[in-house]
Amino acid sequence: MAHQWEPQQILEPPLALDLIREQFPDLLLFKIRLLGTGWDNTAFVINEDLIFRFPRREIAVPLLETEWCVLPKLGPRLSLPIPIPKWRGSPTSRFPWPFIGYKMLAGFTACYANLSEEERGRLAQPIAHFLASLHATPASITSECQICGDNQGRIDWKILIPKIMKNIEELSLLNLLEKKDELESLVESLQDLRPPISSVVVHGDFYVRHILVNEVHDLVGVIDWGDIHVGDPAIDLAIAHSFLPTSAHAKFREAYGDISEETWTLALLRAIYSSTLLILYGHHSKDPVILREGLRSLKIIASKQ
């Protein structure tokens, strides 16, 4: 079965290093390692202080262009560090798309920290403050950039529910679903929700692998802005349902500010969809860390019933 994360280009470290050296001869590059592969990009660490990201799929190219334009304008406004692109590579005969590089942020992704529920709860306020600052971005900040609107139905319940049900069936066949009946019942109750709105600048893919923490598990940054767009705040607020324990929800909502019940419920539906997708991705990509996070998230969500 083909999945939406399958790459069109697979780039190995030696070629990536050659491409960077060729276009940026002033950089003294002597060491490269693979940081990770996402759905859209492959990331490499250079000299342990730079990161270069190369598209894996053509759909990622305009998203990288948006990052190049938007992130330098956005960074100074936010409550946490974000990567600011400094190098932009051009397509060549050996690689068909542009790529970008930036200084590596401190910290490591929260999925590898395997945080306890108490540690997750401590992050409720800083995550909420970050999202509040992002969602308050004035339109004038991004007006000069070609930032996308949400035209992919990423938060439309009429589109999400059939996708969730399909994912549930696949997870059940793979014996990766503990509470199928409870989850299906919850999803069926989340219908006739408000339509999506395109009202704020959103990260668009705000989940555990894009959150950076330090050695004592404080929040220190947010990465991978390839899905940034003008869209519905619920797509980012889903993090409360998928990442935080239920006991931290009140603290999160208080720190963020006004969240209507309609938006909160839409965020829950998005969290269910993203959690089912994480489990499938973790299973098929043999990524035990993401698989563990998806299973945890779905188990907590299903227990709401």
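The model is predicted, so to speak of local features a pLDDT of at least 70 is needed and side-chain atom pairs count only at pLDDT 80 or more, while totals for chains, interfaces and linings use all residues. Residues are numbered from 1 along each chain as its sequence is written, and side-chain values use heavy atoms, with hydrogens and water left out.

**The sheet**

Let's start with the strands. Helices (H or I, at least four residues) and strands (E, at least two) are DSSP runs, numbered from the N terminus. Three strands form an open sheet in the order S6-S8-S9, with antiparallel pairing; two strands pair if DSSP finds at least two bridges between them. Strand S6 (108-109) and strand S9 (219-222) are the edge strands, each pairing on one side only. Two bridges join S6 to strand S8 (residues 211-213), and phenylalanine 108 has valine 213 in S8 as its bridge partner.

**Two helices side by side**

The axes of helix H7 (residues 157-173) and helix H8 (residues 180-189) come within 11 Å and cross at roughly 175 degrees. Axes here are lines fitted to C-alpha atoms, for helices over the stretch in contact, and angles run from 0 to 180 degrees between N-to-C directions. H7 is therefore roughly antiparallel to H8, a label for angles over 145 degrees. On the H7 side the contact (heavy atoms within 4.5 Å) includes Ile161, Ile164 and Met165, and on the H8 side it includes Leu183 and Val187.

**The disulfide**

The structure holds one disulfide, defined as a pair of cysteine sulfur atoms within 2.5 Å. Cysteine 69 is joined to cysteine 145, with S to S at 2.0 Å. Cysteine 69 lies in helix H2 (residues 61-74) and cysteine 145 in the loop between helix H6 (139-142) and H7, 76 residues apart. The link is left-handed, with -80 degrees about the S-S bond.

**Burial**

Buried means under 20% relative accessible area, exposed over 50%, and partly exposed in between (1.4 Å probe, protein chains only).

| Residue | Relative accessible area | Class |
|---|---|---|
| Cysteine 69 | 24% | partly exposed |
| Cysteine 145 | 9% | buried |
| Cysteine 111 | 0% | buried |
| Alanine 124 | 0% | buried |

Alanine 124 sits in helix H5 (residues 124-135). Leaving aside neighbours within four places in sequence, alanine 124 is in contact with Leu244, Ala248, Lys251 and Phe252. Alanine 124 and leucine 219 are 95 residues apart in sequence, and 9.8 Å apart in space, C-alpha to C-alpha.

Methods. Parallel < 35°, antiparallel > 145°, perpendicular 65-115°, else oblique.
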